[in-house]
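Here are a few notes to read alongside the model. Have a look at the structure first, then go through the points in order.

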Amino acid sequence: MPGTLDYFLPILRGVSDQLGLERVTQMARRPGMQAVYRITVHYFDGRASDSAATLYRTTADGIRFEIRFQSALGGLPLSPLVSVTAYETLVRALQSLGFDHLTDQTNLPDYNVTDVWMIERGAGMFAHSVILAPELATGKHALLVNAIRNGLPEALRTVS
């Protein structure tokens, strides 16, 4: 019998794929790429367009941030500015949580009854992701939700 993650992973990966986004693992391997972070959001009830927000830093271009929405804005991205301070604060928060070793949330529902997020990080040959349901998150997963909500609230912007 398939597990809960077998249900949510294709939904979340499908958001980036349908938006035509390069995978985090591929982006992380580009020359000059220091780090890539992506927050993919799936709204279970369709109240907003699913989205993928990608934050990355390169040696040549510095910090870049882009949000794309399924079925909204004609596929055009939003590109809010993210300051170096905000970027570094978010990176420190993820490091202090031990993001690179954090597992997927275990108390995910068996089907589509709550919003789910996938947070990804890539750097060089390393990539890691965590799937969670923000409203059901506890412990380190709840701290991760707070780090995203407070450190990069633009990534959670909704568009209908």
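1. Ser51 counts as buried because its relative accessibility is 0% (buried is under 20% relative accessible area, with a 1.4 Å probe and protein chains only). Ser51 belongs to strand E2, residues 51-58 (strands are DSSP runs of E, at least two residues, and helices are runs of H or I, at least four, numbered from the N terminus). Leaving out residues up to four places away in sequence, Ser51 touches Val15, Ile39, Thr40, Val41, Ile67, Arg68, Phe69 and Ala155 (contact means heavy atoms within 4.5 Å).

2. Before you go on: this is a predicted model, where local features need pLDDT of at least 70, side-chain atom pairs count only at pLDDT 80 or more, and totals for chains, interfaces and linings use all residues. Numbering runs from 1 along each chain as its sequence is written, and side-chain values use heavy atoms, with hydrogens and water left out.

3. Phe8 sits in helix H1, residues 4-18, and is buried too, at a relative accessible area of 0%. Setting aside residues up to four places away in sequence, its contacts are Leu108, Pro109, Tyr111, Asn112 and Val116. Phe8 and Met118 are 110 residues apart in sequence, yet 9.3 Å apart in space, C-alpha to C-alpha.

4. What lines the largest cavity? The lining is Tyr37, Ile39, Leu55, Leu90, Leu94, Ile119, Glu120, Ile148 and Leu152 (on a 1 Å grid over the protein atoms alone, a cavity is a set of points where a 1.4 Å probe fits but cannot get out, and lining residues have an atom within 4 Å of a point). Strand E1 (33-42), helix H3 (84-96) and strand E4 (116-123) each give two or more residues to that lining.

Methods:
Buried < 20%, exposed > 50% of the residue type's maximum accessible area, 1.4 Å probe, protein only. 1 Å grid on protein atoms, 1.4 Å probe; cavity = no way out; pocket = protein on both sides within 12 Å on 5 of 7 lines; lining within 4 Å.
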